[in-house]
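Trainee: I am new to this structure. Please take me closely through one part, the place where the two chains meet, and then set it in its surroundings.

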Amino acid sequence: MTSSTTAEARRIVISAPGRFRLPAPRTLWEAREVLWRFGLRDITLRYRQTFLGVIWVVLQPALTAGIFTLVFGKVANLDSGGVPYFVFSFVGMTAWNVFNGVATRAAPSLVANSALVSKVFFPRVLVPLSTACSVVVDLAVSLVMAVGLLFAYGINPGWAVLTAPVWLLMLMLLGAGLGVAASALMVRYRDVGYILPFALQALLYISPIAYALSAVPAKYEIFYQVNPLSWLLQCVRWSLLGQPMPPWWQIGGSVAASVGAFLLGVLVFEQLEREFADVI
Amino acid sequence: MSTSRAGTSRRVGSPPEPTAPATGAPAVSVRNLSKTYRIARAGDRPATAAEAVLRRARHPLQRQSYDVMHALEDVTFDIPWGSAVGIVGRNGAGKSTLLKILTRITAPSGGRIELGGRVGSLLEIGTGFHPELTGRENIYLNGTLLGMRRKEIQRRFDEIVEFSGVEKFLETQVKRYSSGMYIRLAFAVAAHLETEILAIDEVLAVGDVEFQNKCIAKMRDVARDGRTVLYVSHQIQTVKALCSSAMYLEAGRLVEMGSVDRAIELYTSSFAQAAQQQLDAGRRPGTGELRFASAQPSKEVYRPDDDKVIEFAIPGSASSIGQYFVSAHVNNEDGVVIAQCDSRLVGRWFDPGEEVRGRLTLRAPWLKPGRYTVDLYLCKTGILDAWEGSCTFTVLPVLPYPDAASADGSEKGVVFGDFVYDS
């Protein structure tokens, strides 16, 4: 009576979850297709719904970098560390958009897909994580433009360019940590949706994105020394613009902070996930 | 074969047993399963993060208080391979909770479940369909969400399309589909799941009769393949048509696991029993701000074509503010809601300041012979009183038509139609 399909199937055990838990790697791996399909859906919708979708991806970082060049480079006349201001702020915006993109797209994703989450089982953390797919598409477009700019301005970052993917991945992890935690919080507290964009806006200005760290007065430098985003930006600029290599503790610290933020975000998510399923 | 096997597997409340080896192990093995929901007391739950932080700052040691609700208590059973098991019980008995735990949508609070394979769920049809995506894209997205791998979807793609009958519209966005097409496509994807265990919650209630029969046949095939089907339904007809064994749940406990007939018998007799309990207004669900005092039919028995009149009384309340409305569900013996009579639909609202002696007159449809129960609801923004089985009445076994015919002329249908033929 037992069919052949059942004989080879693995037995699945379900029991009450423990206090702290991370999603089982095996479950996540088996559901990788879900991540991909969600990502594909987001990308399809993004470029099908907005007619200007593709153009927007190109225009948005270029326009922001242009405005920053005007405001910070020309009006405020801030230092950009010897690199033309436009390239400098374009690379800064590219890095920021990776972090910001994942955080802002991940945060509302769970509320937007709540019907799904309450009807079908799959590791729910994949919903906010899948938003990274469309951010990668945007990033790819930005990077192509950035490479074009580097050639146009004759900037050679040297061998450090090989490390660029690592910093971009770290920015993504940092953003995902924040976005994943926020997505679960948003299910319960509706004001998170208002607080987060404001917090990110503030973070954009207090991080050295539109200006160089050298433009910061010495007495405020301590605030930049403790901001992991600032470390990561230094790393990105070292790898893409050939600016001086940041100190080792910042390189190590930025990796530790990103991975840590990501794991913490997932842990918070899993903790809250259990609660929002059970507290009606 | 599975009926007898399932009949012996009833082990309600027995101590946990050592885990069976993989060979010959049942498809589903559940031991001492329990699930409690914590329900936050009204107004005790901060809705904003700012409020939550402020409250924590003011009362750093205070814990949030909850009411604990036991949705499932100490449920133990085994389901063999190749059986289709119906899960019946009244609303709130824990059927859906059980299915949600088995499909891992929610986690159990205690106990242990062993599954012999992947569980595919058909909990609500069309979940995960996105209106902006095309039929083809949705087949892949939905199939993936339901637990199919890409290869499986590719292999069965043509079959799915054929079953759904939407070949011509594969590249059309599903927002342009008719609701029938939408449901057929959604069911087609789900029906072709190759998971070893399939959980279904009431989905067969959708679509036309022809499609429903197609679905039931499909479900039978699944069980015949040696896979296992779990089916939650209020529709006794489909449970009888589909299932080889059944379990009956009551208030979170497994009362009976065995033959379909026995479970259904318990289920139907539970309505009368529950009505007795619900006479005690304090034990009924709802906020209790205002409750029905009494409800009874104007007569014990009616002819099918009589007006059925339900008289109810609601006391006045000085503390209750704002108009409320009343809704009545008329259910037949199978627990199917025949009619929902909501006073809002006929423009009637009631004032809580004065005592109400109301009458609900149900003029149509003509009811078939049998016993009917009436559930009464008193609502404002939420439900103030939910009185299931508030009263019952009987419809006499006579035909409302001028002429008689053999039984096959009138046995189909849930109600009698009031019709004429012209030529």
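Mentor: Start with a pair of strands. E1(A) and strand E4 (residues 110-115) of chain B pair in the antiparallel sense, over 4 bridges. Two strands count as paired if DSSP finds at least two bridges between them. Within this pairing, Val13(A) stands opposite Glu114(B) in E4(B).

A word on the source. This is a predicted model, in which local features need pLDDT of at least 70 and side-chain atom pairs count only at pLDDT 80 or more, while totals for chains, interfaces and linings use all residues. Residues are numbered from 1 along each chain as its sequence is written, and chains are lettered from A and ligands numbered from 1 in the order in which they are written.

Now widen the view to the whole contact. It takes 39 residues from chain A and 47 residues from chain B. Two residues are in contact if their C-beta atoms, placed from the backbone, lie within 7 Å. On the side of chain A, the elements that give two or more residues include strand E1 (12-15), helix H1 (4-8), helix H3 (32-49) and helix H14 (248-278). Helices (H or I, at least four residues) and strands (E, at least two) are DSSP runs, numbered from the N terminus. H3(A) gives the largest share of this side, 8 residues. By type, the chain A side divides into 21 nonpolar, 8 polar and 10 charged residues. Here Ala, Val, Leu, Ile, Met, Phe, Trp, Tyr, Cys and Pro count as nonpolar, Asp, Glu, Lys and Arg as charged, and the others, Gly among them, as polar.

Step back to chain A itself. Its secondary structure comes to 14 helices and 1 strand. Its C-alpha atoms fill a box of roughly 75 × 40 × 35 Å, taken along the principal axes. Of its 280 residues, 41% count as buried. Buried means that 20 or more other C-beta atoms lie within 10 Å of the residue's own, with C-beta atoms placed from the backbone.

One helix of chain A deserves a stop. For helix H5 (residues 85-106) of chain A, 20 of the 22 residues are buried, so the rest of the structure largely encloses H5(A). Its end C-alpha atoms are 31 Å apart, which agrees with the 32 Å that its 22 residues should span at 1.5 Å a residue. That expected span is 1.5 Å times one less than the number of residues.

Conventions: Buried ≥ 20, exposed ≤ 12 C-beta atoms within 10 Å, placed from the backbone.
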